[in-house]
Amino acid sequence: MPAIIYILIPFLPLAGFVLLGLFGKKYFKSASGWIGTLLMLVSFILAVYVAYDYFSATSIFPRNVPVKYTWLVFSENISIDMGVLQDPISMMMIVVVTFISLMVHIYSLGYMKGEERYPTYYSFLSLFTFSMLGLVLASNLFQTYIFWELVGVSSFLLIGYYYDKPSAVAAAKKAFIVTRFADLGFLIGILVIANTSDTLDYNTLIATLTSTGSEQASSAAASTFLGASALTWGTALIFIGGAGKSAMFPLHIWLPDAMEGPTPVSALIHAATMVVAGVYLVARLFPIFSINTPAVLDIVGWVGAISAVFAAIIACTQTDIKRILAYSTMSQIGYMMFALGVAGYGGESGLGYTASMFHLFTHAMFKALLFLGAGVVIHYVHSNDMKDMGGLRKKMPVTHITFLIACLAIAGIPPFAGFFSKEEILLAAYNGNTIIYWIALITSGLTAFYMFRLYFSIFWNKPYQADHHSGHKSEGGWIMLFPLLVLALGAAGSGFIPFGKYINTDGIPLESHFHLQFSILPVALGLAGIFMAMWLYKKQNNRPEKLAASLNGFYKAAYHKFYIDEIYLFVTKKIIFNLIGRPAAWFDKNVVDGLVNLAGNTTTAVSESIKKLQSGRIQQYAIYFLFGAIGLAILFIYIWK
Amino acid sequence: MNLLLIILAPLLTALAVLVCRNKEQVKWTALAGSLAQLILAFLLYFAFRHEKESGEPAQMLFQQDYALFKNPNIHFHIGVDGISVAMILLTAFVVIAGVLVSWNIEKMTKEFYFLLILLALGAYGFFISLDLFVLFFFLEISVIPKYLLIGVWGSGKKEYSANKLALMLMGGSALILVGILGLYFSSGGSFNILQLANTNIPGSTQNYIFPLLFAGFGVFTALFPLHTWVPDGHSSAPTAGSMFLAGISMKLGGYGCLRVAAYLLPEGMKEYANIIIVLSAIAILYGAFATMMQKDLKYINAYSSISHVGFSILGIAMLTQTAVTGAVMQMISHGLMTALFFAVIGMIYDRTHTRMVAEMGGLMRMLPFISTVFFIVGLCSLGLPGLSGFVAEMTVFMGSWENTGAFYKIATIAAAMSIVVTAVYILRAIGQTVMGPVKKESFLSLPDAKWNEKLAAIILLAGILAIGVAPGWLNDLLRPETEQFMHKILGVK
């Protein structure tokens, strides 16, 4: 296949960014949405074509690098190539990213219509898609880092899209700074790995490190700082970067706030694509995590499991529908993370890896659907708060049905997509780590509960009260409903894709076994969660308040997100600003500069004695200065001669 | 290519400005002259590359040597290598942008432009000099205009700032002068850089001379704790003055540290490397933390410059080829970036008449062009890939990490931590100025950038993007020279 096709997939959105960013406002204000969407459509078609070509060519899937360009030579050993890496997960990801992005582009044609900065919105969307595609196609760790940062900045731009709203600016800043903090780990991890393995190219890196007896593998395994090997430090630090981007506990605090961005943006970036970058990164380096540093992989598993249950508990208590979805995203990414954590390398033990990627795929479908559905609801009621909703099922039948499908999918009810991927994850956890398995099981019950709490509160509960701003009451045009329907198809049907055949740790197709007796427990828990939600929220009643009151302290803590934000605020404001920043500024102004002034004042005192020359006019000083300098130079040369 | 053209162009421009009869003539002459300098810089770059590609082995190309005095042995000896070519390109970019943003200077326009071009002349001469005395002479030429630019056209406590700057830089110059004389006498009477590089100066002598030279040039490049002229100097200077000061003048110091102090005194360099690493790591973090507390845009950029310039010094002191290459890249990158930063701050100030972050807000609405540029330059400062700062900082990090030993690793990690602090202060500044609600009614009618301002911004942005998107050309220009440098340092002939 000609290289240009690979290049076009990310560069078409880039072209969209440049075109709309520079000329959108002036020349095609209202057409800019269609231009961006059209470019995205072409990019999507190419991505599907490339992926189809790759998966249908053979039954074993090699890691190819069809495009390569030397970007920067750091030293004899390390040179950075910009390239396209073709392997099963990158091919899957380009399809996911371009597909969801296309859906969001189409949806936004309706959702963002009439916005003042409509072209800017589309140019930022295109920039994000370009960066994300660059990230998933990256052929080396450094390239991943480059696009990782670009993804971060496009996320900043989109969260802060309503830039005159202080809360949006604060959320955008928070997202960027928290992930930047995590990226510091990533950066140092890259330095460690570059230094120990003499390469950053994924293919070479994996090949040299995982082959036993290679020089790099043994030097990387040698124990260094605090007894851990250099490679352990390297992968652990890289995982910090991944955890930041994927909003894993305790670096998750930016994600709920990121919901300040327009809702379609939340669907694309903060649900379906960017936030899974951390999972993708671990998957990308999975052979190294699994073979060289299993200890770090354990950490990945635990962080994932804790995040999954932690976020699910918080989600049960929130009332802002976008925030509920945000916590649910964090929880589901936790699933993907611990699935990787419990996976081993090769054969059946690699199930967790397959399951994680599978869940990434299905989650992208139903989570994007949930957000876009929520967008329709928010458009309709002009509020994010669950309390302002209720009884909407008759007013918006399409949204209602598609939202229900997505809820069933995320709750893991067969035969919807989430059921299959979640079953695989649970099976992998069952085989890998019993405690994590039980955590996951409890979480899946909670998931079903909070999702249906959301569903019943929006579409059932109290009848909808048409309030004063009920002018243009409709569900939104077909342009917004079409993506919902397409995604609903994905959320309902994508579970039947035989993922193990394409994505596995060692290239040997993994048969997905279906164990009926194993599925009974998770599905039963899911149903229990749904019925619980139904009992509490289907009709208006006072049971929820009673329940909250009986859980008093715990409920409060969960409602306040376990006070993690307050802890961060304390550390940054009180400690970093007051104990480091302020003293540094004070020290510079008073001590360092003070000494200079002291020297200066002494000199001035001396010059007081030749006051006659001081006329107070700086121009005159200047002339003295100039002549003095020249005179000195001449004098100097003559004395020498 | 005849290197004399590089200094003749600004000289002729300066003289032409003097004979102009009105403001319009002055401005257009200065612009034409700086355009000529830019074209010459590009010609030099291509000629240099052509020579290198055709296998020219000499270290310094396009050399010319005229004896000025027999005793002392002073020659007007000029020549360029990849590093000087890169520096000359940087200077030409900053000069033309500086000329463009000063378009509306009302007070003594002729004198203003004359001094600007004079400063540029000093910088060009400095970068092509191969004779230490001539190099010193050009360095001084570039100091005097700074004093005047701040003292006459400045704002705020300009006399204090001008005096402080001049005294500190003169102090630095004095150290440099003593150092140069030390080199002259200990080498048996030579100011010639190429000859000195091949002279064996005893290690103990080097240990005396090195600190003088490094500290002297360190004042120019704002090496901690010799940096205190920077915040006041920059904040009082007129826009173009700040641009030249941070964009060019601080680079004279960095270039001097590398070309004179480190290159000619490798033993001294190795002896003091660890101290310099500590100082620069402090500068990077301390500068970043101090920036976090600033409320005035110019102070923000001034302190952040201290932090960023720390990377150049750190890279030099890390003494690996990659780190040194990164150090030079950082000089170029920071020169372009900070010049643009000051240019944008100037544009904002001209409109809002305030530089206080807290008094602005929502500028994006009225000033989309200026705000976008401000945003991009901020992203460059915080090291966003695709812009020049990232490439330079990453190269320094990669090179620093090549050193084995916990000391170097800790210093690198400390420096790397600044990327988080930088993100904090940059986003804070951006969040409060270009984003957020509009704070004053009167801001709603502010006009966006004019053609000259747009052109200046685009020129500097082009440079930033050229390094950020495709750094290969700059790397190829610098790597052979840093390899040479490392050979000298490590004592390989």
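Strands β1 (residues 61-69) and β2 of chain B run antiparallel and are joined by six bridges. Getting from β1(B) to β2(B) takes a hairpin of four residues. Across the pair, Phe69(B) stands opposite Ile74(B), which belongs to β2(B). Strand β2(B) spans residues 74-80 and is mostly covered, with six of its seven residues buried. For burial, other C-beta atoms within 10 Å of a residue's own are counted: 20 or more makes it buried, 12 or fewer exposed, and anything in between partly exposed, with C-beta atoms placed from the backbone.

Bear in mind that this is a predicted model, where local features need pLDDT of at least 70, side-chain atom pairs count only at pLDDT 80 or more, and totals for chains, interfaces and linings use all residues. Residues are numbered from 1 along each chain as its sequence is written, while chains are lettered from A and ligands numbered from 1 in the order in which they are written.

Now for the place where the two chains meet. Chain B puts 49 residues into the contact and chain A puts in 45 residues; two residues are in contact if their C-beta atoms, placed from the backbone, lie within 7 Å. On the chain B side, the elements giving two or more residues include α5 (132-153), α6 (158-186), α11 (266-292) and α13 (321-352). Helix α17(B) supplies the largest share of that side, nine residues. Sorted by class, the side of chain B that touches chain A has 33 nonpolar, twelve polar and four charged residues. The classes go like this: Ala, Val, Leu, Ile, Met, Phe, Trp, Tyr, Cys and Pro are nonpolar, Asp, Glu, Lys and Arg are charged, and the others, Gly among them, are polar.

Two helix residues of chain B are worth a look. Gly389(B) sits in helix α16 and counts as buried because 28 other C-beta atoms lie within 10 Å. Leaving aside neighbours within four places in sequence, its contacts are Ser333(B), Met337(B), Cys380(B), Ser381(B) and Gly383(B). Tyr299(B) belongs to helix α12 (residues 297-318), and it is buried because it has 21 other C-beta atoms within 10 Å. Not counting residues up to four places away in sequence, Tyr299(B) touches Pro231(B), Ser235(B) and Gln294(B). Both residues also have a C-alpha partner from elsewhere along the chain:

| Pair | Separation along the chain | C-alpha distance |
|---|---|---|
| Tyr299(B) and Asp232(B) | 67 residues | 7.8 Å |
| Gly389(B) and Gln330(B) | 59 residues | 6.8 Å |

In chain A, the peptide bond from Phe249(A) to Pro250(A) is cis, with omega near 0°, and Pro250(A) is in the loop between α9 (230-245) and α10 (254-257). In chain B, the bond from Phe224(B) to Pro225(B) is cis, again with omega near 0°; Pro225(B) is in the loop between α8 (203-220) and α9 (229-236).

Then there are the histidines. His382(A) is not a glycine, yet its phi is positive, near 60°. This residue lies between α16 (351-381) and α17 (397-411) of chain A, in a loop, and is exposed because it has 10 C-beta neighbours inside 10 Å. His353(B), also not a glycine, has a positive phi of about 60°. His353(B) is in the loop between α13 and α14 (363-366) of chain B, and with 9 other C-beta atoms within 10 Å it is exposed.

Terms used: Pairing = 2+ DSSP bridges.
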